Amino acid sequence: MTLLTWNHASSVGVRVLDQQHGILLDTLNDLGVAIASGACVEEINELLARLIDFTRRHFETEEALMARYEYPQRDEHVRDHKHMMAQIADTARAMQH
């Protein structure tokens with residue numbers, strides 16, 4: 001399994017967001033390793049819940065910063081966030097069945 005890695009080329013230049021992006025990648029990697037290694041359903045569900053919770057909090061942080069600094073593509077970015085959250089929720093539901 002190929003793990004996702006964070007590098008400076010992926011930086012958005014906002015420390016808190018870059019740190020959160022790293023945590024998101026770590027969480028995705030933990031989930032991928034758990035699935036690939038045949039972890040129990042409870043562990044996978046816990047990792048999914050952690051991913052959903054942290055992603056939601058990350059998007060809230062990002063959206064607040066975009067509003068504060070009047071990011072020009074804010075509305076489009078918020079729509080992308082909603083779409084990604086729906087995809088994550090759909091994937092989590094599918095994995096729990």
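User: What counts as a helix or a strand here?
Analyst: Helices (H or I, at least four residues) and strands (E, at least two) are DSSP runs, numbered from the N terminus. This is a predicted model, where local features need pLDDT of at least 70, side-chain atom pairs count only at pLDDT 80 or more, and totals for chains, interfaces and linings use all residues. Residues are numbered from 1 along each chain as its sequence is written, and side-chain values use heavy atoms, with hydrogens and water left out.
User: OK, how many helices and strands does the chain have?
Analyst: There are 3 helices and 0 strands. The order from the N terminus is α-α-α.
User: What box do the C-alpha atoms fill?
Analyst: Roughly 45 × 30 × 15 Å, taken along the principal axes.
User: How much of the chain is buried?
Analyst: Of the 97 residues, 30% are buried. Buried means under 20% relative accessible area, exposed over 50%, and partly exposed in between, with a 1.4 Å probe and protein chains only.
User: Switching to L4. Where is it?
Analyst: L4 sits in the segment before α1 (15–36).
User: Why does L4 count as partly exposed?
Analyst: Because its relative accessibility is 42%.
User: And what does L4 touch?
Analyst: Leaving out residues up to four places away in sequence, L4 touches L25, L28 and N29. Contact means heavy atoms within 4.5 Å.
User: How far is L4 from L51?
Analyst: Their C-alpha atoms are separated by 15 Å, with the two residues 47 apart along the chain.
User: Back to the whole chain: what share of contacts join residues at least 24 apart?
Analyst: That share is 55%, among contacts between residues at least 6 apart in sequence.
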